[in-house]
Amino acid sequence: PPPPVPPPPPTSSDGYSQAVTNASPFAYWRLNETNGATVAVDLLGFNNGTINGGVTAGVSGPQSPSFPGFETNNPAMQLNSLVASSYLTMPALNLNTNTTTITGWINPTGIQVGWAGIVFCRPVTNGSTIAGLHFGPGTTIPNELRYTWNNSASTFNQSTGLSVPTGQWSFVALVVTPTNATIYLGTNGVLSSSTQTISEPSQAFDSSLFIGYDPSSGGRPFNGKLDEIAIFKRSLTPTKIQQ
């Protein structure tokens, strides 16, 4: 008899999303909605957010085979800093902790405006928390990753030297512990990091969490693509970040 027909090659993988869920996130937005959707679904089902009108959903995200662990058709969100409301608004997470991790993938379009937000909490009406992952002022190192915690200048004025390349996907993360904070940048298969040793008080995260935006100073929008944003109510180890 003829030999058995081999199975077709795999066309997708959920390795990355499985690694995130295995690490027990507090909220995880895959951002794989189709264009026209208005709800950014939290994979855990508790913290669905709003896809504002200026966002284009369903664009090409990090995909296999270039990015193993992702589906071959994995979608993402496109943000345009020149378009009003081109960001996502998530609910207040009420974390009340100083052990926190933010992870995600970004693909910047050009050099970002100073202090552009990636994942940022700042009260517009009610709330107390000013904290998150963002870019620096852009005056010396373009697209430099920085962070803010407790609205402290000692945090957002700390240079990391981590410059995110434009026009390609990179993994980013912020890991906060009571005694330090580490920013990670993974690009071209290399994971780099910058750690600041400083006391980090608990933050409430008691107001809206913005993805691709910081509402300070008339708005600090991100320009480019975003995908796979996750929040953890604990400090992930370097090994977990590498995974």
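Asn157 sits in the loop between helix H2 (153-156) and strand E11 (170-176). Helices (H or I, at least four residues) and strands (E, at least two) are DSSP runs, numbered from the N terminus. This is a predicted model: local features need pLDDT of at least 70, side-chain atom pairs count only at pLDDT 80 or more, and totals for chains, interfaces and linings use all residues. Residues are numbered from 1 along each chain as its sequence is written, and side-chain values use heavy atoms, leaving out hydrogens and water.

Glu144 lies in the loop between strand E9 (131-135) and strand E10 (145-148). The table gives the accessibility of both residues.

| Residue | Relative accessibility | Class |
|---|---|---|
| Asn157 | 48% | partly exposed |
| Glu144 | 2% | buried |

Buried means under 20% relative accessible area, exposed over 50%, and partly exposed in between (1.4 Å probe, protein chains only).

Now the neighbours. Contact means heavy atoms within 4.5 Å. Not counting residues up to four places away in sequence, Asn157 touches Trp115 and Arg146. On the same terms, Glu144 touches several residues, among them His134, Ser159 and Gly161. Asn157 and Tyr147 are ten residues apart in sequence, and their C-alpha atoms are 8.7 Å apart in space.

The Glu144 side chain also reaches the backbone nitrogen of Gly161, at 2.8 Å. Such a polar contact is a pair of N or O atoms within 3.5 Å; within protein, one must be able to donate a hydrogen and the other to accept it, and residues adjacent in sequence count only if both atoms are side-chain atoms.
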